[in-house]
Amino acid sequence: MTDEFEPNILAFCCNWCSYAGADLAGVSRFQYPPNIRIIRVMCSGRVEPAFILEALKDGADGVLITGCHIGDCHYIDGNRNAEVRINNTIDALKYLGLDGRLRLEWVSASEGARFAEVVSEFTEEIRKLGPNPLKET
Amino acid sequence: MNIGVYVCHCGTNIAGVIDVEKVTEYATTLDGVVVARNYKYMCSDPGKDLIRSDIKENNLDRVVVAACSPTMHEKTYRDVMEEMGGNPFLFEMANIREQDSWVHTDKDMATEKAYDLVRMAVAKVRRNEPLERIEIPVTQRALIIGGGVAGMEASLDLAEQGYEVIMVEKEQSIGGHMSQLTKTFPTLDCPMCILAPKMALHEHKNITIYSFSEIEEVSGYVGNFEVSIRKKAKSVIEDLCNGCGLCQEKCPTKVLSVYDGKLGTRKAIYTLFPQAVPRIPVLDRENCLMFTKGTCGVCKKVCPTDAIDYDQQDEIITEKVGAIIVATGYAEYDPTPIEEYGYGRYKNVLTGLQFERLTNASGPTLGVLKRPSDGATPKRFAFIQCVGSRDVNTQEYCSKVCCMYTVKNARLLRDEHPESEVYIFYTDVRSAGKGYEEFYKISQEKGVKFIRGRVSEVVGLPDDNLLLRTEDTLTGDVYEVEVDMAILACALLPAEGSDKLRDILKISEGTDGFFMEAHPKLRPVDTLTDGIYLAGCAQGPRDIADTVVHAKGAASGASVLISHTKMSLDPISAYSDESVCRGCGECKLVCQFGAIEIEPLNGRLIAKVNEVLCKGCGACVGACCNGAMSIRHFKDEQINSMIEAAMEVA
């Protein structure tokens, strides 16, 4: 069992909603798999496709972007920018054989349970997908 | 570059799961780290002293603290850096509590994750740049949204401190729900009597009230908000009206009064209640004959000051304030969907607020107990608790005030009508509060019958009486009780229009729909948006006593802000590299705050960021197509360094 694949997942959380949601998961002690590392950005709209590619190139097995729900963005519509950009990146990754390794989710500051669910679910999906193929090359 | 890493045990919160010794040891192996220590409570004085002395002894210029969430203590440690002459932005936190020890149980994996989080924070701090805070002016005025007891208390506290206060109330009078109540627990004093001195705030030289008004738009930022207020047309010229009341006396149109729980009527031109502040009536255009039929004009004819203006238009007023307090209160849950209770079907099933009006000396019956169905004097009463509260099908939370107000109403009935039979069907009696338990005991002694159980059904009988079926969950007996009237203790919901206001203010709400505080214990009146505070039921159900306390807290929070003429902002702002920028304007398109202008420079165009208007979201950086735009403290190379560090194998 020891050599079971443990995915490395990198997450970008916006400061106002989803990072606070991740904190709330902690405050409420909602457990989730420890495979995730969070980078805090002020807004999901800050996340550039280059960051995602960098993470995948460096060996991330999955990348999770979380932001405020549409309409709730602290910066009015930063998450809409994120939506367009991340969805384009999701499409692009299909051509690179990295389908399913990038995910965008909305998590509010009060959705600690949802944050834990999203992370658990995504971790399981990545576990099923197996290691990032870029790692071997 | 000398980096110090400090790992906090947080008692056993962190150390109980994560091997802090190992993390400390690991930190010393990282590039640039000259010292790493751990301590039981890093945020305590002895903890901070460790950092202070290392800054001195080991010439630290950069610090990483691995502890709780930065929202909790980033400021604490930045202050230490500043105090020691360092730059507060050469600091990073690794969140190993909320995002590690509290969410993982596998100690080895949690410890490994802590290595990674520390490594990421060290990588970031290595690339951090010293930043200077931006100084901005503060408008020493406050906006209070809502004129209920919370808004009044907060306004008075601020006005008495000498600040100008703008109060916006959507109804035509201030007073809120409290003005509707009969008597209040546990003192049984008349709400109007204890409110009156506070409602006199309209005479305060520092307070301006905009009644029958709503917030249209809010722009700006902490210390410098610009607020558009829609002052809806009252069809009455306020400067001329002397509040004599002739218009409402003579108006021929009667309309069901929402304020009276639709148990009584009001006129088409009306004040909410006789003691209304301001005492200026509003003409209800939906029901006024002048507007529906184009003929009448009685009010205009009888008005001695010629204050009626049928053509009055809404007015938009702009005010500048430094702080905003949201005191929008609550709405009572409409129990119609809970069909088994028969609300809306049986006239003698009332909500708690309706019963308050029915027993209120200035209510529709002038306080005389009459059943709505036939005007008969009711003698047998059933109070049904937790209607829409503590119920997975409606609201899961406890509305907190219903136990006590029901006990209060039951006791008043027994006091004033000793012949009455009074039943309370409860889930639990929650009487926590000073003098509350004692009050509850007295009501028991006075013969109020408490039956523990949820009523399964209310059946209307031909004579308008009601038959209640319930089980006493303490004895297991099944009850059938016939009463003349049933009163539903309905849940407290977020006030109507909360969603719209949330969008305007850009503040968060919890899963229960109430506005969310920045921290339940340590920042209970703040929102996550600087300069916006919460008071009273806007944040969650609470009684009058707690509301006043909360409002005073909000006023204190706001005055801490507006007592200064200047404040400093975090310098997390965007900037463009003029040598690279081509002035295409993509950044300007995505900026929601008007912080970017395209300006000419040496015969070409470049983007220029106004640092004060910039909120630091970074949308422009993402939009920039040639890497000219960047954002301080979240620069590409800073984020990339964290990505690389995260993917290194520990």
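**Entry 1: the end of H6(B)**

I started at Gly162(B), which follows H6(B) and has a positive phi, near 100°. The model is a predicted one, and I read the angle as a computed value.

I then went back along the helix itself. H6 of chain B runs over residues 149-160, 12 residues in total. I compared its span with the expected one: from first C-alpha to last it reaches 16 Å, close to the 16 Å expected at 1.5 Å a residue.

Next I asked how many of the residues of H6(B) are buried. The count is 11 of 12, and I noted the helix as mostly covered. The buried set runs from Val149(B) through Ala150(B), Gly151(B), Met152(B), Glu153(B), Ala154(B), Ser155(B), Leu156(B), Asp157(B) and Leu158(B) to Ala159(B). I noted that charged residues, Glu153(B) and Asp157(B), are in that list.

What covers these residues? I found, among the covering elements of chain B, the strands E6 (141-145), E7 (164-168), E8 and E16 (323-326), together with the helices H7 (191-199) and H15 (544-562).

**Entry 2: Ser211(B)**

Is Ser211(B) buried or exposed? I put it down as buried, because its relative accessibility is 2% and the cut-off for buried is under 20%.

I listed its contacts, leaving out residues up to four places away in sequence: Glu169(B), Glu171(B), Gln172(B), Lys234(B), Glu238(B) and Pro278(B). With Lys234(B), the side chain of Ser211(B) makes a polar contact of 2.7 Å.

**Entry 3: chain A against chain B**

Last, I looked at the interface. Here 45 residues of chain A contact 50 residues of chain B. The two chains bury about 4,100 Å² between them, with 60% of that on carbon and sulfur atoms.

I found 16 residue pairs in polar contact across this interface, both residues being at pLDDT 80 or more, and 4 salt bridges. One of the bridges joins the side chains of Arg40(A) and Glu74(B), at 3.2 Å from N to O. On the chain A side, the elements giving two or more residues are strands E1 (9-14) and E2 (36-41) and helices H1 (18-27), H2 (49-57) and H3 (78-95).

Conventions:
Residues are numbered from 1 along each chain as its sequence is written. Chains are lettered from A and ligands numbered from 1 in the order in which they are written. This is a predicted model: local features need pLDDT of at least 70, side-chain atom pairs count only at pLDDT 80 or more; totals for chains, interfaces and linings use all residues. Side-chain values use heavy atoms; hydrogens and water are left out. Buried means under 20% relative accessible area, exposed over 50%, partly exposed in between (1.4 Å probe, protein chains only). A polar contact is a pair of N or O atoms within 3.5 Å; within protein, one must be able to donate a hydrogen and the other to accept it, and residues adjacent in sequence count only if both atoms are side-chain atoms. Contact means heavy atoms within 4.5 Å. Helices (H or I, at least four residues) and strands (E, at least two) are DSSP runs, numbered from the N terminus. The expected span of a helix is 1.5 Å times one less than its number of residues. Buried area is the accessible area (1.4 Å probe) that two parts lose on being put together, summed over both.
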